[in-house]
Each structure stands twice: as C-alpha cells, then as structure tokens.
Amino acid sequence: MDKNFQEEFTQIIKFQPPLYKQRHQFVKDLVEKYKPKKVADLGCADCSLLWMLKFCSCIEVLAGLDICANVMKEKMHTLSPLPVDYLQPSERSLTVTLHHGSVAHKDPCMLGFDLVTCIELIEHLEESELKKFPEVVFGFMAPSIVVISTPNSEFNPLLPGVMLYRHPDHKFEWSQAQFQSWALETARCYNYSVEFTGVGHPPTGMEKVGFCTQIGVFVRKYPQTVQSEKPTEAVYKTVFKAVYPSLKDEKYLQNAVISEVMFTAQIIKHRLMSKHKEYGDDPERKSKFQPSMDCFSDYLGKLVVEKNMEPFVSGNEVYIPLTTIFSFPKVNRLCGTFEKLCKLIAGKVTLSSDGSAVMFNTEYE
C-alpha cells in the first residue's frame, strides 16, 4: 500500500527488482500455480496489483477493496478495456470491480473468491479492525487461499531513516515471531494451513534477520460446506466496474468469426487469382488448375459444397468453400462446429446461392 514511501528508505539496500514488484510477482506466481478464477485484493490502493493480474488468463473475476476511495479513483482507469480488447476479444470473460469499504466489515459481494490477497495491509489496521479481520477474511469470505504480507520489524535497523515504523500510517510492525504466532493461531481457528516465506533478502551474513517483507500463504484445509450467515445489506460502495469483451459473448464471437472468415477467404482468393493469372489462357495448364468453365457452370453449388473441394474461379466470381475455410485452425477453434460457423456468418457474408461457399466478385478489383 505504501510502495513509494517504503522505497525511499531502501535506497542503500538495493532491491532488484524493487520490493513492491517482488511482492506483486510473488502473487502472480501463486496465480500461475493455483489458477484461481476469482481473485480479490484487499487494500488495493493504486490498483497496480490488479492491473498486473488482469493479464492472467485464468482469472475471470477481479475485485479490489480499499478504505480510501480517492486513491483508487486516481488509477482505476488503468483497469478499463483498451481498444485492442474490443478488436481482439479474449476467449475468457473478465469483470473488474472496485469497492470502497473496510476489511473489518462483511459484504456479500466478497463471497466466492478463490484467492484473497492482503499485501502490506494489516499493519495499517487499528487494533479493533485487526481483531475483526480474521473473521471477515477467513470466517466469512473463506477463500481457498489467502496471502498476507507485512513488514518484518527485524529488518528495520538495516533501512536508513526508519526510526520506529516504515510508514507514518502504520499502527504496528511485527517481528517474525509475532507474525508467525498470529498467523498460526488464525490458521488453527479457521481450519487453514500456513507457510511462511517473504521477499527482499537480507545482506549476506545477516540471514537471521529474515526477509524485508514477510509473507504468510494460507490454504484452506477442507472444502467449504456451510456458508456463514450473509448480511442482509451491502456495506461496500462500488466505485468502478468494467466488463471486458469476450468471445463467450455471442456478438463478439460473431464479429471475430466473420473477421477471421473474411481474412482467410481473402488469402485463399489472392493465391487463387495469382495462379489464375499465371496460367493465363494456356488450356493445358488451366485444365490442371480447374475444370472447364462449362463444367463448373453446370455443377456450381454441387461441386463447391463437396468436402475438400478446391476453390474455383468462374468469370468475375471466386468461390471459397466453407469447408476449406473451416479447416483452418483459428476458424475451427473459434466455431467448434461447422454448423456454428454457418450460423454465425449467415446474412453477414456474401455466399453462393446454396450457401456452401464464400463468394467474391472481382470485376472492380
């Protein structure tokens, strides 16, 4: 939550990459390991961790919570979809929501998450808030995994300029023993296991000092069977919500399929026309390229629909069989079935009279 202030005091001990980036990378590595679909960041502040996580393909729901709405509002625009997200929609759905509220309060919008992160948060809590924190996060929200990071006070003497705490808003900073004692008791009460690690290695020869940032990774021991009683009213205020375009949405899928079909057909047409011009009027070479024009005219529609039939040129018109287009990997992956392809492009792409091939008129090209 306080990366700028903290980095100011860690200039002599060079952390590469910077400490806040190491914390974020730690969370990202956990996401890549456990593949959570729903992730909430408590104390999200400037949304920088959420911004990093929105690129993780397994995540479909991202939520941030912070007590300071103004800090979130300054950077929340970074979580909005970009033009490229509409031009090339992802195959997964993604919804990002920011809430204004306290981690000492329960709100039903925070239920059902797989992973909850609390990065440099707990040291900002008042004593009364810290007492309520475990019940809210581990008892009420009860995600599969909780990650909590907090300053290690034993590292403070190595940081120039730190007299008591690393940030003026910190209410406490724990030693390794204090953090582990609190974490183990919390894990015991709510049926979690916990492993301790951290980021920001101490100088050589001072390993006993421990990491600059200590981290506890809590994993729920048993599947959640009984949900805690839900509060009747929401207490958080939603300050931002973005729903990203997704190929799971029929309208975006249709646009993507039409675009890919036309792109594929244009490539086939280009190669076909190049060969057509190359063969010119040589009847012997031309016969190897396509049937006679009379033959094509007689069976137009029948021949094109045949599976694996090659594209044909007839006068000013080029016909690209849909079966040929469907055989291309990207089109096949987008549609899944040939019937789905036909349904998505119906009325949107110029087809032959029997609907079996994409048709181009080259008269004006």
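This is a predicted model: local features need pLDDT of at least 70, side-chain atom pairs count only at pLDDT 80 or more; totals for chains, interfaces and linings use all residues.
Residue numbers start from 1 along each chain as its sequence is written. Local features need pLDDT of at least 70, side-chain atom pairs count only at pLDDT 80 or more, totals for chains, interfaces and linings use all residues, and side-chain values use heavy atoms, with hydrogens and water left out.

**Exercise 1.** Give the strand order of the sheet and find which strands stand at the edges.

Solution. Strands are DSSP runs of E, at least two residues long, and helices are runs of H or I of at least four, both numbered from the N terminus. Two strands pair if DSSP finds at least two bridges between them. The order is E6-E7-E5-E4-E1-E2-E3-E8, an open sheet of 8 strands with mixed pairing. E6 (192–199) and E8 (237–243) are at the edges; each has a single partner strand, so one side of each is left without a neighbour in the sheet. From one strand to the next, the twist averages 15 degrees.

**Exercise 2.** Describe the partners of strand E1 and how far E1 is covered.

Solution. Take E4 (residues 115–119) as one partner: 3 bridges join E4 to E1 (residues 38–42), and the two run parallel. Within this pair, Asp 41 has Thr 117 of E4 as its bridge partner. Next, E2 (residues 61–66) pairs with E1 in the parallel sense over 5 bridges. Here Leu 42 is bridged to Leu 65 of E2.

Key: Axes are lines fitted to C-alpha atoms, for helices over the stretch in contact, and angles run from 0 to 180 degrees between N-to-C directions. Buried means under 20% relative accessible area, exposed over 50%, partly exposed in between (1.4 Å probe, protein chains only).
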